[in-house]
Amino acid sequence: MKLGARMVKTGLAVAIALYVGNMFDFLSPLLAAIAVIFSLQPSIFRSYQSIIEQVQGNLIGALIAVLTVFTLGNDPFVVAFAIIVSIGITTGMKMNENTVSLAVVAVVALMDSTDLTFLPFAASRIASMFFGIFTAFIINLVFLPPKYETKLFASIDDSTRDILQWIRVTTRKLSDEPALKYETTRIQDEIRRLDHTYLLYSEERTYLKGKGFAKGRKLVVFRQLITTTKKSFDVLKAFHRLENKIEHIPEDFQDALVYELDKLVNAHEKLILSLKGRIKQTHKQALRLVETPDIPLIVDRLMNEYEHGYDKDRLIFLPLASQLMEYHYQLEKLKRLLKSYQKNSQNEYIQTGFK
């Protein structure tokens, strides 16, 4: 089992809530811990949004509970009615599921039977839940704050490396079918997580003057990195689907296809290495002599195979030609963006996590 930072922070925040709750008699440790569990978010910005929403949800739940107890009592069916009302109001305000759930917890906690005077009892329970909400925010802010920039680049690097390795293996007819099928599904899931991590990173706010523009430039670079990775994955899937058909095209064309795709893959790897800082921005002559891929030439040959071939099934090569052209286009776009970024942001490094 792999322990993530969010797991550790949740456990720590719950422990603090229980410990402080036991120190002060007016706080309910259990309710504070429950509030922590519902309030901890994956990013600081979402934690800030959650505080506002959770406070609103708790106030709504508390108000409904107090009014219901004073007017209808706290019979179980009355509690059920109050829960329905609180869910209706919070969902109508488009609050998230955690806020709705915490509002329901507030209703149940406040309408619980007790021998104490109701208002002091309700106030202590509301204070306990507010304490849990703010504890979650503070822990998320000061303890192991999320570094989505480093995490995002590491995920892009891992996914791209896997895809490019499988492209090399597949184009040489060395891929194991079950293994490739499994890896295709896994990589697809990784790409979905890339989009989610990018969203979390884009939500992070910059608080220092002048950092906003640098963050914007990084967002553009990361978005293009993800787009290019997705296009390389599309090429891998296209080759996998057409593996048997490609065997029937002329061998010299197969060799040319593999050769040009290798140059495309090498160019993609070179850009990732450049962003890691493993390639100098001022290259030596030998490195500049690396050939650039001529994908338009390959696409023309694919089109020629379709137009002059007798096998009408060769129409299926057109999607492959389209995927290759799109991959080449996105790679050239990434190259221009990285060149511009490295030229104009020499003092603003992307946190790659690589030394």
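What share of the contacts in the protein chain between residues at least 6 apart in sequence join residues at least 24 apart? The share is 79%. The model behind this value is predicted.

## Overall fold

The protein chain has 14 helices and zero strands. Read along the sequence, the pattern is α-α-α-α-α-α-α-α-α-α-α-α-α-α.

## Burial and surface

The protein chain holds 355 residues, and 44% of them count as buried. Its accessible surface comes to about 19700 Å². Carbon and sulfur atoms account for 60% of that surface.

S86 sits in helix α4, which covers residues 76-92. Its relative accessibility is 0%. Buried means under 20%, so S86 counts as buried.

The side chain of S86 has a polar partner in the backbone. One of its polar atoms lies 2.8 Å from the backbone oxygen of I83. S86 is also in contact with I64, V104 and V107, leaving aside neighbours within four places in sequence.

## A nonpolar patch on the surface

Y19, M23, F24 and F26 form a nonpolar patch on the surface. Together they have about 470 Å² of accessible area.

Y19 belongs to helix α1, residues 5-23. Is Y19 buried or exposed? Its relative accessibility is 57%. The cut-off for exposed is over 50%, so Y19 counts as exposed.

## Two residues side by side

S86 in helix α4 is buried at 0% relative accessibility. Y19 in helix α1 is exposed at 57%.

Terms used. Residues are numbered from 1 along each chain as its sequence is written. This is a predicted model: local features need pLDDT of at least 70, side-chain atom pairs count only at pLDDT 80 or more; totals for chains, interfaces and linings use all residues. Side-chain values use heavy atoms; hydrogens and water are left out. Helices (H or I, at least four residues) and strands (E, at least two) are DSSP runs, numbered from the N terminus. Buried means under 20% relative accessible area, exposed over 50%, partly exposed in between (1.4 Å probe, protein chains only). A polar contact is a pair of N or O atoms within 3.5 Å; within protein, one must be able to donate a hydrogen and the other to accept it, and residues adjacent in sequence count only if both atoms are side-chain atoms. Contact means heavy atoms within 4.5 Å. Accessible areas come from the Shrake-Rupley method with a 1.4 Å probe; for residues, only the protein chains shown count as cover. Patches are made of residues with over 30% relative accessible area and no salt bridge: like charges are joined within 9 Å, nonpolar side chains (Val, Leu, Ile, Met, Phe, Trp, Tyr) within 5 Å. A salt bridge is a side-chain nitrogen of Lys or Arg within 4 Å of a carboxyl oxygen of Asp or Glu.
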